[in-house]
Amino acid sequence: MLAMNYRGPYRVRAQQKGEPEIEHPNDAVIRVTRSCICGSDLHLYHGLVPDTRVGMTFGHEFTGIVEEVGSSVQNLKKGDHVLVPFNIFCGSCYFCQKELYSNCHNVNPEATAVGGIYGYSHTTGGYDGGQAEFVRVPMADVGPTVIPSDLDLDDAVLLTDAYPTGYQAAEMGDIEEGDTVVVFGAGPVGIFAAKSAWLLGAGRVIVVDHLEYRLEFVKRFAQCEIINFKEVDDMAIHIKKMTDWLGADVCIDAVGCEAAGSALQQLTGVKLKLQAGAATALHWAINSVRKGGTVSIVGVYGPTFNAVPIGNALNKGLTLRMNQASVKRHLPRLIEHIQAGRIKPSEVITHRFPLEEIADAYHMFSSKLDNIIKPVLIPPSIRH
Ligand SMILES: NC(=O)c1ccc[n+]([C@@H]2O[C@H](COP(=O)([O-])OP(=O)(O)OC[C@H]3O[C@@H](n4cnc5c(N)ncnc54)[C@H](O)[C@@H]3O)[C@@H](O)[C@H]2O)c1
Ligand SMILES: [Zn+2]
Ligand SMILES: [Zn+2]
């Protein structure tokens, strides 16, 4: 089959690879119909995630048709068209019982923090991902969800990560009626966080980025105010000026460890590697939120440390909340929002690439060329 193949930082290609097989009675093998590239894949592509092995296939956002199921699978059958949450999780351990699916204890022998994620290095279990024609889906009774017949495939694929992650970012903000919510990052995750903030009761939503085309998009898509950080001297002062000098009630970091905007962070995090990447957006979030406010972090940071202003957070009495999203927990509600016409997630999709052109797709998304927001990959086997 054709699959994305990681060759080293900034080097990926589409190559032939053996088809995955059922390895455990609760596995399924799925023929991929759509897959996306996520901002998280860029951390892998840039060589920032430990134990990213050459030969690995990335891709944790995908839909597909069930090709084969293991002998103990009961909830899926051949031919079902499913969306597959990016988390691999068992559904029954201590953490899954608390609906902390992204922290499942049974699917990742390498780590005590994160659970399993498709195509996301051996730090998250070493599973191959869905930027391929076929993918093995472990715990097949638990993760995959049959796509409702009235749901568009392009909307369905965004339910595997970007939309639920943005939603959880807003949810972890504990937004109260009328709150001012500032979202750092106008990528797909930040865009969905902004839209979700309204649905959770925000009274004002402000999105920060430096890519004008994304800011224009989110302004229209989520009816929010926008700030281009290139035009701002001091972010915390700027936000305070906009909020009666108190600061925002809730700040969301939807950027993570590859933030632009600070030469010092670039030097210490990217060039000298004294910390795990640049935490600029997180600094801005902590410093721009009001005393007693909440900072919600979904932007990804590495297992190695970052220098964060924890003293400011303490003295301001902040609540800090963060996690990889637990996608499955949000699906019923988010499917309802789509069906009720409150949101059309697929509007963020700007580019479609045949899987064969994966190298171009990564390059374009990484360099933010051609006004790209969300790229979708279409495997050859479903194109005819
Ligand atoms: N927690 C989770 O479950 C989860 C799931 C998906 C993605 N993520 C993470 O969320 C982040 C965003 O993902 P995405 O797909 O939207 O990525 P993306 O690369 O498309 O978007 C990131 C955006 O942040 C902007 N940005 C850079 N520096 C900034 C700064 N200092 N302030 C404000 N904006 C800044 C960039 O210009 C870009 O538009 C990534 O770190 C990704 O790894 C986390
Ligand atoms: Zn992702
Ligand atoms: Zn579990």
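Q: Which residue of strand 13 is the bridge partner of Val-181?
A: The bridge partner of Val-181 is Val-250. The model is predicted, with pLDDT of at least 70 needed for local features and 80 or more for side-chain atom pairs to count, while totals for chains, interfaces and linings use all residues. Residues are numbered from 1 along each chain as its sequence is written, chains are lettered from A and ligands are numbered from 1, in the order in which they are written.

Q: How do you know that strand 10 and strand 13 pair?
A: Pairing requires at least two bridges found by DSSP between the strands. Four bridges join strand 10 (residues 180-184) to strand 13 (residues 248-253), so the two strands pair, and they run parallel.

Q: What makes strand 14 and strand 15 a pair, and how is the crossover between them described?
A: Strand 14 (residues 289-297) and strand 15 are joined by four bridges and run parallel, so they too meet the criterion for pairing. Val-295 has Leu-320 in strand 15 as its bridge partner. The chain passes from strand 14 through helix 10 (residues 310-316) to strand 15 in a right-handed β-α-β crossover. That term applies when, with the strands pointing away from the viewer, the path from the first strand over the helix to the second runs clockwise.

Q: Why are strand 12 and strand 15 called edge strands?
A: The open sheet has six strands in the order 12-11-10-13-14-15, with parallel pairing. Strand 12 (225-228) and strand 15 (319-322) each pair on one side only, and they are the edge strands. Neighbouring strands of this sheet are turned by 20 degrees against each other on average, direction ignored.

Q: How do you know that strand 1 and strand 2 pair, and in which direction do they run?
A: Six bridges join strand 1 (residues 2-8) to strand 2 (residues 11-16), so the strands pair; they run antiparallel. Ala-3 stands opposite Gln-15 in strand 2. In their hairpin, with two residues between the strands, Tyr-10 takes a positive phi near 65 degrees.

Q: Which elements and domains supply the shell around ligand 1?
A: Helix 1 (39-45), helix 5 (188-199), strand 11 (204-209) and helix 9 (280-288) each supply at least two residues. The largest share, four residues, comes from helix 1. At least three residues come from each of domain 1 and domain 2.

Key:
Domains from an automatic or database assignment. Axes fitted to C-alpha atoms, helices over the stretch in contact; angles between N-to-C directions.
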